[in-house]
Amino acid sequence: MNTTAILALIRTDIRLYFADRRAVIVGVLVPILIAAFFGYVFGGTGRNDDAGKIAIAVVDEDQSSVSRAITADLTADKLLQVSALERAAARDQVKAGKQSAAAVFPKGFGEQTTRALFSGLDKPQVELLVDPTQTTGARVVEGLLAQYSMQEISKEAFTGAYGRRAIDDYLADLDQQEQTTTRADLETLLRAARKLSDERDTTTVGGPGSSARREFGLSIPYTVAASEVTARDTTPYNGYAHSFAGMAVQFILFAGIDAGVLLLLTRQRGIWQRLRSAPLRRGEFILARALATTLISLFQFTLIYLAAALVFKVRIEGSWPGFIGLGLALCLLNAAFGLMLATLGRSAPTTRGFASMATLLLVMIGGAWVPAFVFPRWLQNASLYAPTRWAVDGLDGATWRGLPFNSALLPIIVLIGSAAVCLAVAIWRFRWEE
Amino acid sequence: MLQVQKLSKRYGDRLAVNAISFAIAAGETVGLLGPNGAGKTTAIAMISGIARPDGGVVSLDGVRVTQDANELKRRVGLVPQDLALYDELSAWANLQLFGGLYGLGAEQLRQRADDALALVGLAGRRHERVKTFSGGMKRRLNIAGALLHDPDLILLDEPTVGVDPQSRNAIFDNLEELKRRGKTLLYTTHYMEEAERLCDRVLILDHGQLLADDSVAHLMQQYQGLEAAFMQLTGRALRDEAQA
């Protein structure tokens, strides 16, 4: 094997890469900037109380103790950012995408809901204006609204003025009805409720949100203790870890496209004749190209993760050998991908365009931009056929998930297997003789 | 030294080189002349081992290309018609690559590169990027790239194309120096005056066929000049087809 020639080719490829300093800077800086943006959007280095809150508007046309209490509960919820607005303004803001939804409590809401709780009749309608692009947020709002409404309406029914009036009216209705065992039981129940209400009169004991109100009413009979399951209990989730994994994968594949296009251009220049006239074998040339691209990709990968570690506090919480193995496998895949492109492509512009489109598609379905769990189930399953998904998942595992080497092994095998397929196509299609 | 026997190459329906045969002795400088599309570049490509012949044999001191192409390639230096240089790299970095391809070690490469750069008058520009060079300087560096492994046979495919008279003159000086050093040169060109100045013998090729193989002196005597010989043998029809 002509190792001197292989080394000379590798050295030249690396020199050519560094000769275009602007491209080097862009190739490293752009993924860092994009990863920083996505990382910040997905939570940054810790939980920011304002980050991720769902913006909603509340239009209280009722101004009853019930509607005010529900508004107070919604405002106190850590998932929501509540603005009190007029109906027209609320509609405009939802339309403009500034609010995910707007809840409108109509006039008479408090009294009607309290009566409807006993009678089941004449239910008032709460209007929920929803931004169709933010349906997930709107569903959350719908759930919270139901929770807080049941809580406050039931409190009002058993401790408030509306509740007492509703019980009195219901008892008066019962007096008109025929005497039955059921009527007698219902009357006993309502009179007991009335007595309780008198004893706990919230209109005198306390207003909305008072401790007296809190003792009554229906509420969820359990509490939820949510905790982030990351590498260590003391380590909060770092949103940058995922975004850097995604962008490293994307931009390293872009470097593979550059390597492929460079090879295509080389074939069209006199330098190709010089290479072909030298005592160099086909295999030696392919090996040199693959090694050079792998080394360049490793340089890029290292710089991207160095920035992630130094600036964005991304840590290898899992297996270091796993992380290194994933980096190497990804760079090998990139080199093989570049070689395959060079052998399949006809012209540099067409190849670059087609390969960029394919790469973007691969990284999108690989979860590099948006985590794969937001995809429909069929797409999640389909994405398992994309090596990019394995690369991103593997890097997530080695960083913030803190998984052991065993967890990195399958992604490494998939990446190396994909590299082998690309390399096989490249070797099959590579035209050395003319 | 170089023996070419019944060498043929076909591209689709077109016979680019049609069973040409000739021999070149060691130390000889031979011009391969022909109009555009005559088959000169294809012939050079087959002799240098780049293109595989459809028929015929190329051998160097009895060693056939098909027997050991790499052994033959180590003894041949090619100066392609298209500039075989990386513009983004320095002259020195280009030469390091070309020397490396022939397995030259660091010290040997440094000496050979120094000699080659001195020969073509670029010793003072070694660390400058090729893209800053003039057309003539690039052509000279293109020649230097073929000399690093000290080949016995140098194939030059139109080495003066697109350069000014001063650079052309400098290239002639370089080639004459190589000739003085005993190198064997096979040189393709359109320019008759180049062949008159440099060559001991010329081969005239057209439509893939060898029309003449004679000494410059004899052709000039027979046809009252080399250009007259060329025009008489190849005709006056325009050659607008792609070069092969």
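**View 1. Two strands of chain B run side by side.** β6(B) pairs with strand β7 (residues 153-157) of chain B in the parallel sense, over four bridges. Strands, like helices, are DSSP runs numbered from the N terminus (E, at least two residues, for strands; H or I, at least four, for helices), and two strands pair if DSSP finds at least two bridges between them. Look for Val79(B), which stands opposite Leu156(B) in β7(B). This is a predicted model, in which local features need pLDDT of at least 70 and side-chain atom pairs count only at pLDDT 80 or more, while totals for chains, interfaces and linings use all residues; side-chain values use heavy atoms, with hydrogens and water left out. Residues are numbered from 1 along each chain as its sequence is written, and chains are lettered from A and ligands numbered from 1 in the order in which they are written.

**View 2. The sheet of chain B.** Here six strands form an open sheet with mixed pairing, in the order β6-β7-β8-β3-β9-β10 (chain B). β6 and β10 (209-215) of chain B are at the edges with a single partner strand each, so one side of each has no neighbour in the sheet. From one strand to the next, the twist averages 15° (axes are lines fitted to C-alpha atoms, for helices over the stretch in contact, and angles between N-to-C directions run from 0 to 180 degrees). Helix α6 (residues 165-180) of chain B lies across β3 (29-33), β7 and β8 (184-189) of chain B, at about 150° to β8(B).

**View 3. Where chain B meets chain A.** The contact takes 33 residues from chain B and 25 residues from chain A. Between them the chains bury about 2,800 Å², 55% of it on carbon and sulfur atoms (buried area is the accessible area, with a 1.4 Å probe, that two parts lose on being put together, summed over both). In chain B, Ile50(B), Tyr86(B) and Leu101(B) lose the most area to chain A, together 27% of what that side buries.

Note on methods:
Contact = heavy atoms within 4.5 Å.
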